[in-house]
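Dear colleague,

I am passing on the structure below, together with notes on what turned up in it. Please read the notes with the coordinates open beside you.

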Amino acid sequence: MTAPATSGLSSKTNKAFLSVLDGQQLKTPPIWLMRQAGRYLPEYRELRATAKNFLDFCYSPALAAEATLQPIRRFGFDAAILFSDILVIPDALGQTVTFEAGEGPRLNPLTSVEDIERLPELSLGRLSAVFETIDRVKPRLAPQTAFIGFCGAPWTVASYMIAGRGTPDQAPARLFAYRNPAAFQLLIDKLVDASIAYLSEQIRTGVEAVQIFDSWAGILPPSEFQRWSLAPIARIISGVRTSHPAARIIAFPRGATTHLPNFIRQTGAQAIGLDTAVDPNWAVNAIPEQVVVQGHLDPLALLAGGRAQTEAVDALLTAYRGRRHIFNLGHGILPETPIDHVAALVDQVRSFEG
Ligand code: CP3
């Protein structure tokens with residue numbers, strides 16, 4: 001299958017974010033922020049109030065397109081990220097997903113092998129609103145702004161599907177996987193297939209890079225990390241590249257720490273999202289030079305602002321001088337973050353000429 005002309009994978013680009021992913025090293029790193037569309041923005045809160053609930057918001061192309069563009073208009077980030085959520089996949093697989101104000105996601109938990117066997121193959125038609133959002137955003141982006149799609153990694157998505165909610169340690173999913181490894185493997189396999197289909201369709205519709213969020217990778221002991229985080233992500237990357245050999249893929253295995261070098265080797269991701277706890281002075285030696293490093297300012301340093309922020313930003317810029325680096329946070333931006341701190345961050349990164 002070849003990508004049609006509308007796909008965003010053309011190799012010639014004036015977009016700083018894409019040039020870095022394609023192998024260039026720029027003096028000033030491009031910048032975007034995980035969860036850059038969200039509650040810290042007054043215009044987001046206003047828009048969000050017009051939707052019945054969060055999933056409705058995600059499935060309203062006009063609203064989701066507007067939410068995607070808001071942070072670009074305000075801060076001029078180098079990349080827009082599709083506004084949606086990782087939990088649209090369980091929803092599209094027929095699981096009931098709701099978001100309670102202030103409490104996070106609620107799903108009717110999968111509790112048995114039969115619950116998992118019953119999950120259908122992903123029908124892309126159920127996610128047509130997401131692809132329509134991509135269609136609406138594409139023509140509204142300035143020529144220098146890249147467009148990122150995403151999905152959750154199988155382990156992180158499965159952990160919500162089993163627990164039915166966020167938990168501090170994902171104990172329900174880890175226990176389920178120890179007790180029913182074959183059933184859990186089936187769930188992961190279904191999510192691998194769904195993720196390949198979903199990301200491939202996002203790319204076909206026009207996103208220029210994709211990020212795989214494994215927010216809960218770091219809670220797993222080594223052999224479970226290998227089996228439930230690394231191996232499924234490796235399969236997704238090779239599956240997406242089967243239909244889109246030039247796909248630009250960023251993996252974000254949050255908390256992977258000492259597993260990172262092996263993770264990079266085995267998954268073949270060309271870019272790695274690092275989290276807050278990683279020491280950049282370790283990363284410059286441990287991560288192969290051709291791999292793009294993305295990250296990893298502490299979201300709390302950005303919330304605090306002032307000297308804590310400028311010093312932390314400077315430490316990252318300095319550590320990655322001479323490397324292919326995309327500036328980002330080590331995890332999502334916090335809703336309490338003052339917007340002038342974000343503006344100051346963008347100014348500081350843009351005025352750096354490594
Ligand atoms: O980065 C972006 O701006 C794009 C949109 C995006 C959202 N969620 C919007 C969102 C992305 C990429 C995500 C990813 C996501 N969703 C992850 C992985 C990244 C991470 O932060 O760890 C996870 C684990 C989820 C699941 C999820 N969605 C949770 C746990 C919550 C509740 C917590 C919270 O912040 O309220 C959500 C809701 C959610 N997803 C919001 C947004 C803007 C807030 C909902 C609201 O507006 O009320």
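How far is an oxygen atom of the ligand from an N or O atom in the side chain of S215? The separation is 2.6 Å, which falls within the limit for a polar contact, a pair of N or O atoms within 3.5 Å. Taken alone the ligand exposes 870 Å², of which the protein buries 88%, the accessible areas coming from the Shrake-Rupley method with a 1.4 Å probe.

Before going further, please note that this is a predicted model, in which local features need pLDDT of at least 70 and side-chain atom pairs count only at pLDDT 80 or more, while totals for chains, interfaces and linings use all residues. Residues are numbered from 1 along each chain as its sequence is written, and side-chain values use heavy atoms, with hydrogens and water left out.

There are 22 residues around the ligand (a heavy atom within 4 Å of it), and R35, R39, Y44, D85 and S215 come nearest. The side chain of Y44 places an N or O atom 2.5 Å from an oxygen atom of the ligand, and the side chain of D85 has an N or O atom 2.7 Å from a nitrogen atom of the ligand.

Y44 also belongs to an aromatic cluster with F54, F57, F83 and F99. In total the structure holds 15 aromatic pairs, counted where ring centres of Phe, Tyr and Trp (its six-membered ring) lie within 6.5 Å, with planes under 30 degrees apart taken as stacked, over 60 as edge-to-face and the rest as tilted. The rings of F213 and F252 have centres 6.2 Å apart and planes at 85 degrees, so this pair is edge-to-face. Because F213 lies in strand β5 (residues 209-214) and F252 in strand β6 (residues 249-253), the pair ties together parts 39 residues apart in sequence; strands here are DSSP runs of E of at least two residues, and helices runs of H or I of at least four, numbered from the N terminus. Both F213 and F252 are buried, that is, under 20% relative accessible area (1.4 Å probe, protein chains only).

Key. Polar contact = N/O pair within 3.5 Å; in protein donor to acceptor, adjacent residues only side chain to side chain. Buried < 20%, exposed > 50% of the residue type's maximum accessible area, 1.4 Å probe, protein only.
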